[in-house]
Amino acid sequence: MSKRLFVLASILMVVTVLLSACGPKAGKAYECTDPLGCVVVEKGAPIRIAYALVVEGPDASLGTDSKRGIEIQIDDHGGTLLGHPIELVGENTGCNAEGGQAAATKLSTDKSIVAIVGTSCSSEARAGFPILSEAGFSMISPSNTAPDLTDPAKHVPGYFRTAHNDKVQGAVAAEFAYNSLGARKAATVHDGSLYADQLQQVFAARFKELGGEVVYQGAVQPTDTDMRSVLTSIAANPPDILYYPIFVAAGGFITAQARETPGLENTALMGADGIYTPDFLKAAGEASNGMYLSSPDFTVFGDAYTKFQEKYEAKYGEKVLNVFHAHAYDAAGLIFAAIEKVAVDVDGTLYIGRQALRDAIAATKDYKGLTGNLTCSESGDCADPKIAVYQVTNSDPATWNPGAAADSNPKKVYP
Amino acid sequence: MLKNWLKRISATDILMWGIGLIIILGVVWGSVATLSSGKYDSAAWQNLIVTGLTLGSIYALIAIGYTVVYGILRMINFAHSEIFSGGPLVAYYLARALNDNGFLAKQPIVGLVLVALFSMFISMSIAFLAERIAYRPLRKAPRLIPLITAIGVSFFLLYTYKGLFGSGIKDYPQLDILKGRTPFLGMDIQIVYIVILISAFVLLAILYSIVQFTKLGKAMRAVSEDKDTAALMGIDVDQIISATFMIGGALAGAGGFLYALMFHQVAFAMGFFPALKAFTSAVVGGIGNVVGAMIGAMFLGIIEAMGPNIFLDGLGVPAPNQLKDAIAFVLLVFILIFRPTGILGERLATKKA
């Protein structure tokens, strides 16, 4: 009896060995030679794309809006790519360096992820992306704007962005302040984040170049609530314009308290794309009325963007929440186009080389996106930047409807 | 005499005095440089001092909760930050409702009082329940255990708020009667600050008279001195402890409401920093001492508001306002070097020794 069992077991073993030997043989048709390795997507398995965006907390609208842009791009592909379903996973990044690092560490361990759309805030990318780059990932950010990230000397391989570079945004803001508002004295406040610090530097440099005087460059903590001491310092030599390109929480406090600070009654207030959201009106309240905000110029995005907005409203039942939905749509689009270019299909199994994917994204030329014609530079700048300045005309968040028309809120005032 | 004294000083003492001396020099040098530059006029200083006092009075309301609970139970109630934020978060919905149906515009004072009382009631209930559910069963446990439990309660409440309230920021309705400025005691002050200052002082005075002049206060002081003897004297210790938590909670709720008036917005994690500062005030004032907590809070508020401008501006430090917490805490360290028990902490120390 036991002999028979033994024979049976040996036969089974031999069969298994033979079968398993067969497996690799069939797959041997493709050998991955990519220096960073390949993502293997089995037949019928999903192509996994990750987001690393801020989807919780005071700046949640920034990341949620971008996430929706990705989802609409997936819908436009019919949910599939090269016969595989597209799966979107992701991590919250919190709009700070620690959150960016934590999210990157977590995502870097999941080798089934093909590419990443993120991050929302520049500090997150600065802290987190080196980890992802090391692990071979490519990432396209819809909303990182700090000049440092695509500075050829500091660029980390695999990093791209569809958002504008703040070298453009800061300059437009300064030109608006000097030429259009007629401001001659400016003050700036940042919150220590990469984005805010660099943007105010670009603004100040351009403002001085135009002939203006920068009378104060200060900083607060993003968690501060009492801004009166910094505002009192500024009011000691009242500027014509106060530029604070920071985020929702601290931006709301500065706006509300600036209006109450004696000496700043005639100072124009100006923020940037970080607070270009109805959530900022909620945080700042009535004081946000009349405030200027720089942001991408939606009025030149064209018909495809109008259609995108319709899809967005149909899918989520509300208007766009923030600035970077279209940039995220394009970021996902670039990734999908690159995957289509480099993926090797062997009997339904996809092999996607990580280095090849990077190269394909970097080689993007004249991609027709919602935000313009995208061409990637060697250091990762893919945007076709068009910046406008808007003015808040009503502090009620429900009236948020950006545009150039007379009843828009915020209303485009420059250029 | 001198010899004895020389024998007793150690290297640590000398190091401490060195640090103290450096801090004093920095403060004096910075202040002189700023004041002699004449950058700020008296109106600017007035503005900063009033802001500091207003913030300080809110910190004081929160600090009372830490200090009375410590006085009675020898326990730091780390959940106090969430007891503070719970009131204004829940009262936000009442404020919104009253604002939307127009009641707040018609009867602003009645409306404000209603929202304030509601906020106090909610914080008081949270404090009562926290004590009843989480701390009372551990009354006889070693001291570290309720402390860790308090941290747990704090997290539990924080994430409950996050779930119920969402992680975004909401703005409190702003009232027209609280806008603008008015002359007050010869100064030009924002109306909302006057309201906050007066309400805070009235509440602190009420608290002080409860502790000093009522039967309940007497019982509280007795329990704080010796629980077992107090029980033998016929005092219901559990009831007094509950009352203590409720008083601390109600004041924190009032502080939370005033905080929302001052900053116009609330968020689920809003309690952390104000409560951290209030706790520090309580320690600096001498934890367990009610008047000490008030003094410590006022001191912290004023240093925070004026510190960067007066100490650092003159030294030419770039972006000094980012360092306001650092300045405040350095000065607190300075006070604790020379008075380890806090400003008014001595009475407690000798009593409990």
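Strand β2 (residues 47-53) of chain A is largely enclosed by the rest of the structure, because six of its seven residues are buried. The model is predicted. Chain A holds 12 helices and 18 strands. Chain B touches chain A, and the contact takes 28 residues from chain B and 32 residues from chain A.

**Strand β2 of chain A and its partners**

- β2(A) runs parallel to strand β4 (residues 84-92) of chain A, and seven bridges join the two.
- In that pairing, A:Tyr51 stands opposite A:Gly90 of β4(A).
- β2(A) also runs parallel to strand β5 (residues 113-118) of chain A, here with five bridges.
- Strands of a sheet pair through backbone hydrogen bonds, either parallel or antiparallel.

**Chain A as a whole**

- The C-alpha trace of chain A spans about 100 × 40 × 40 Å along its principal axes.
- Chain A has 415 residues, and 56% of them count as buried.
- Take the contacts in chain A between residues at least 6 apart in sequence: 72% of them join residues at least 24 apart.

**The seven-stranded sheet of chain A**

- Seven strands of chain A form an open sheet with mixed pairing, in the order β9-β8-β10-β11-β12-β17-β18.
- β9 (213-219) and β18 (411-414) of chain A stand at the edges. Each has a single partner strand, so one side of each is left without a neighbour in the sheet.
- From one strand to the next, the twist averages 30°.
- Strand β8 (residues 185-190) and strand β10 (residues 241-243) of chain A pair in the parallel sense, over three bridges.
- A:Thr188 has A:Tyr243 in β10(A) as its bridge partner.
- Helix α5 (residues 166-180) of chain A packs on the sheet. α5(A) touches β8, β10, β11 (268-271), β12 (292-296), β17 (387-391) and β18 of chain A. The direction of α5(A) makes about 50° with that of β17(A).
- Helix α6 (residues 194-210) of chain A packs on the sheet as well, touching β8, β9 and β10 of chain A. The direction of α6(A) makes about 170° with that of β8(A).

**A helix crossing inside chain B**

- Helix α3 (residues 42-73) and helix α12 (residues 272-285) of chain B have axes that come within 8 Å and cross at roughly 65°. That makes α3(B) roughly perpendicular to α12(B).
- The crossing of α3(B) and α12(B) is right-handed.
- On the α3(B) side, the contact is made by B:Ile58, B:Tyr59, B:Ala60, B:Ile62, B:Ala63, B:Tyr66 and B:Thr67.
- On the α12(B) side, B:Pro274, B:Ala275, B:Lys277, B:Ala278, B:Phe279, B:Ser281 and B:Ala282 meet them.
- The residues of this contact divide into 11 nonpolar, two polar and one charged.

**A closer look at B:Ala60**

- B:Ala60 lies in helix α3 of chain B.
- B:Ala60 has 31 other C-beta atoms within 10 Å, so B:Ala60 is buried; the cut-off is 20 or more.
- Leaving aside neighbours within four places in sequence, the contacts of B:Ala60 are B:Ala200, B:Leu204, B:Ser281, B:Ala293, B:Met294, B:Ala297 and B:Met298.
- B:Ala60 and B:Met298 are 238 residues apart in sequence. In space they are 7.0 Å apart, C-alpha to C-alpha.

**Where chain B meets chain A**

- On the side of chain B that touches chain A, the elements giving two or more residues are α3, β1 (169-171), β4 (265-267) and α13 (290-312) of chain B.
- α3(B) gives the most to this side, with six residues.
- The residues of this side of chain B divide into 12 nonpolar, 11 polar and five charged.
- Helix α7 (residues 228-235) of chain A packs with α13(B) at an angle of about 35°, and their axes are 8 Å apart.
- The crossing of α7(A) and α13(B) is right-handed.
- A:Arg228, A:Ser229, A:Thr232 and A:Ser233 of α7(A) make this contact with B:Ala305, B:Pro308 and B:Asn309 of α13(B).
- The residues of the contact of α7(A) with α13(B) divide into two nonpolar, four polar and one charged.

How values were computed. Residues are numbered from 1 along each chain as its sequence is written. Chains are lettered from A and ligands numbered from 1 in the order in which they are written. This is a predicted model: local features need pLDDT of at least 70, side-chain atom pairs count only at pLDDT 80 or more; totals for chains, interfaces and linings use all residues. A residue is buried if 20 or more other C-beta atoms lie within 10 Å of its own, exposed if 12 or fewer, and partly exposed in between; C-beta atoms are placed from the backbone. Helices (H or I, at least four residues) and strands (E, at least two) are DSSP runs, numbered from the N terminus. Two strands pair if DSSP finds at least two bridges between them. Two residues are in contact if their C-beta atoms, placed from the backbone, lie within 7 Å. Axes are lines fitted to C-alpha atoms, for helices over the stretch in contact, and angles run from 0 to 180 degrees between N-to-C directions. Angles under 35 degrees count as roughly parallel, over 145 as roughly antiparallel, 65 to 115 as roughly perpendicular and the rest as oblique. A crossing is left-handed if the near helix is turned anticlockwise from the far one by less than a right angle, and right-handed if clockwise. Ala, Val, Leu, Ile, Met, Phe, Trp, Tyr, Cys and Pro count as nonpolar, Asp, Glu, Lys and Arg as charged, and the others, Gly among them, as polar.
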